[in-house]
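Try each task before reading its solution.

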Amino acid sequence: MDHSRTLVMACATVIEEMLPIMPEGMAHRVFDFGLHVNPGKLRATLQEAVDSVSGQYETVILGYGMCSQAIIGLKANGCRLVAPRVDDCIAMFFGSRE
């Protein structure tokens, strides 16, 4: 994966855990943790952000799980959208044997 063509989008809490394991210089965008309180607003904010970077990045990696189902229905317009298959973002850090 070309790291210069990849963007990570995550809330302020999760990005702090992701930054130490991300390749140096990988682009990232941080969102307020408070958006979790309103899943509709979180979804709209993420969709607007994905749309705004379409064509600039090949891949957008979300640092969000199903988090109140806010990522359901997001559309990748001109890029690949990657989201972990976890109920909430905290589960990303637990790992799995599978």
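**Exercise 1. Cysteines**

Task: Decide whether C11 and C79 are buried or exposed, and find how many disulfides are counted.

Solution. This is a predicted model. Start with C11. Its relative accessible area is 0%. The cut-off for buried is under 20%, so C11 is buried. Next take C79. Its relative accessible area is 12%. That value also falls under 20%, so C79 is buried. Now turn to the sulfur atoms. A disulfide needs a pair of cysteine sulfur atoms within 2.5 Å. By this rule the count is 0 disulfides.

**Exercise 2. The overall fold**

Task: State how many helices and strands the protein has, and give their pattern along the sequence.

Solution. Count the elements: there are 2 helices and 4 strands. Then read along the sequence. The pattern is β-α-β-α-β-β. Now check how compact the protein is. The radius of gyration is 13 Å, close to the 13 Å from the globule rule for 98 residues, so the protein is as compact as a globular protein of that length. For its extent, take the C-alpha trace, which spans about 30 × 30 × 25 Å along the principal axes.

**Exercise 3. Totals for the chain**

Task: Find what percentage of the residues count as buried, and what share of the contacts with a separation of 6 or more comes from residues 24 or more positions apart.

Solution. Begin with burial: 35% of the 98 residues count as buried. Go on to contacts. Among those with a separation of 6 or more, residues 24 or more positions apart account for 44%. The accessible surface is about 6000 Å², and carbon and sulfur atoms hold 51% of it. Finish with charge. There are 8 positive and 11 negative charges, and their mean positions are 7 Å apart.

**Exercise 4. A helix residue and a loop residue**

Solution. Now place K75, in the loop between β3 and β4. Then list the contacts, leaving aside neighbours within four places in sequence. Q47 is in contact with G73, L74, K75 and N77. K75 is in contact with Q47, V50, D51 and L81. Last, follow K75 to D32. These residues are 43 apart along the chain, and their C-alpha atoms are separated by 21 Å.

**Exercise 5. Two pairs, 11 residues apart**

Task: Find the C-alpha separation of L42 and F31, then that of T59 and A70.

Solution. Take L42, in helix α2. L42 and F31 are 11 residues apart in sequence, and 9.0 Å apart from C-alpha to C-alpha. Now take T59, in strand β3, residues 59-63. T59 and A70 are 11 residues apart along the chain, with C-alpha atoms separated by 19 Å. Check burial next. L42 is buried at 0% relative accessible area, and T59 is buried at 3%. Close with contacts, not counting residues up to four places away. L42 touches L35, H36, Y64 and A70. T59 is in contact with R5, T6, L7, R80 and V82.

Technical notes. Residues numbered from 1 in each chain as written. Predicted model: local features only at pLDDT ≥ 70, side-chain atom pairs only at ≥ 80, totals over all residues. Heavy atoms only, no water. Buried < 20%, exposed > 50% of the residue type's maximum accessible area, 1.4 Å probe, protein only. Rg over C-alpha atoms; globule rule 2.2 N^0.38 Å. Contact = heavy atoms within 4.5 Å. Areas by Shrake-Rupley, 256 points an atom, 1.4 Å probe, with all protein chains shown as cover. Lys, Arg positive; Asp, Glu negative; His and termini not counted. Charge placed at Lys NZ, Arg CZ, Asp CG, Glu CD.
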